[in-house]
Amino acid sequence: MAKLTKAQREWRPDTPKKRRSIKTMFASTVLLLEAFVAFFATLVVFGLYRDEVAPALILGLGIALSVLLVLCCALLRRPSGYAIGWGLQVLLIATGVVEPVMFVVGLLFALSWWYAVHTGGRLDRENAQRDAEQADWERQHGGEAGAAGGGAESAGGDGR
């Protein structure tokens with residue numbers, strides 16, 4: 001028998017699925033895209049400066065930045081994860097000291113990060129309000145939504 005995940009073990013019929021955070025999904029997407037850009041920027045810097053700077057130093061720092069960006073995605077469940085994310089935005093902009101085009105790329109990603117955090121947070125608040133209003137409506141109407149729907153779902157079928 002296959003091992004069940006925690007969510008599978010805790011699931012019960014008619015248990016509403018927990019809504020995923022849009023803010024976290026948006027921010028994670030930006031961080032992952034930044035990780036790819038940091039990796040490819042590392043290859044550019046390696047190609048341009050490998051005779052002047054130790055290749056191991058270039059590759060080590062660039063790959064470390066990419067790994068930090070990916071690892072930060074796991075920290076986004078806590079408020080400190082977003083603070084670390086802001087620090088990584090500053091670090092990405094600072095890579096413009098080595099390759100000037102990264103000032104522009106870093107600034108554009110910082111704007112994307114800001115948009116992801118603010119818009120995602122707003123959408124999460126709207127979803128929470130909508131869920132609370134739905135739960136309040138269902139408490140007031142005593143589950144009439146399922147009975148009013150009729151059809152196969154209220155008769156115990158799967159609605160197909």
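Q: If buried means under 20% relative accessible area, exposed over 50% and partly exposed in between (1.4 Å probe, protein chains only), is Asn127 buried or exposed?
A: This is a predicted model, in which local features need pLDDT of at least 70, side-chain atom pairs count only at pLDDT 80 or more, and totals for chains, interfaces and linings use all residues. Residues are numbered from 1 along each chain as its sequence is written, and side-chain values use heavy atoms, with hydrogens and water left out. Asn127 is found in helix H5, where helices (H or I, at least four residues) are DSSP runs numbered from the N terminus, as are strands (E, at least two). Because its relative accessibility is 9%, Asn127 counts as buried.

Q: With which residues is Asn127 in contact, leaving aside its neighbours within four places in sequence?
A: Contact here means heavy atoms within 4.5 Å. Once neighbours within four places in sequence are left aside, the contacts of Asn127 are Arg19 and Ile22.

Q: How many Å apart in space are Val45 and Leu59, C-alpha to C-alpha?
A: Not counting residues up to four places away in sequence, Val45 touches Arg50, Ile58, Val98 and Glu99. Val45 and Leu59 are 14 residues apart in sequence, and their C-alpha to C-alpha separation is 8.8 Å.

Q: Which residues is Trp113 in contact with, leaving aside its neighbours within four places in sequence?
A: Trp113 is among the core members that touch the most others, together with residues including Leu31, Leu76 and Tyr82. Apart from neighbours within four places in sequence, its contacts are Ala27, Val30, Leu31, Leu76, Tyr82, Gly85, Trp86 and Gln89.

Q: What is the volume of the largest pocket?
A: On a 1 Å grid over the protein atoms alone, a pocket is an open set of points where a 1.4 Å probe fits, with protein on both sides within 12 Å along at least five of seven lines, and lining residues have an atom within 4 Å of a point. The largest pocket is lined by 21 residues, with Lys18, Arg19, Arg20, Ser21 and Arg77 nearest its centre. H2 gives the most to this lining, with four residues. The volume, the space filled by probe spheres set on points joined across faces, edges and corners, is about 630 Å³.

Q: Which element gives the most to the lining of the second largest pocket?
A: The second largest pocket holds about 470 Å³ of space. Of the 20 residues that line it, Leu61, Gly62, Leu65, Thr95 and Val98 are the closest to its centre. H2, H3 and H4 are the elements that give two or more residues to this lining. With seven residues, the element that gives the most is H3.

Conventions:
Core = buried A, V, L, I, M, F, W, Y, C linked by side-chain atoms within 4.5 Å.
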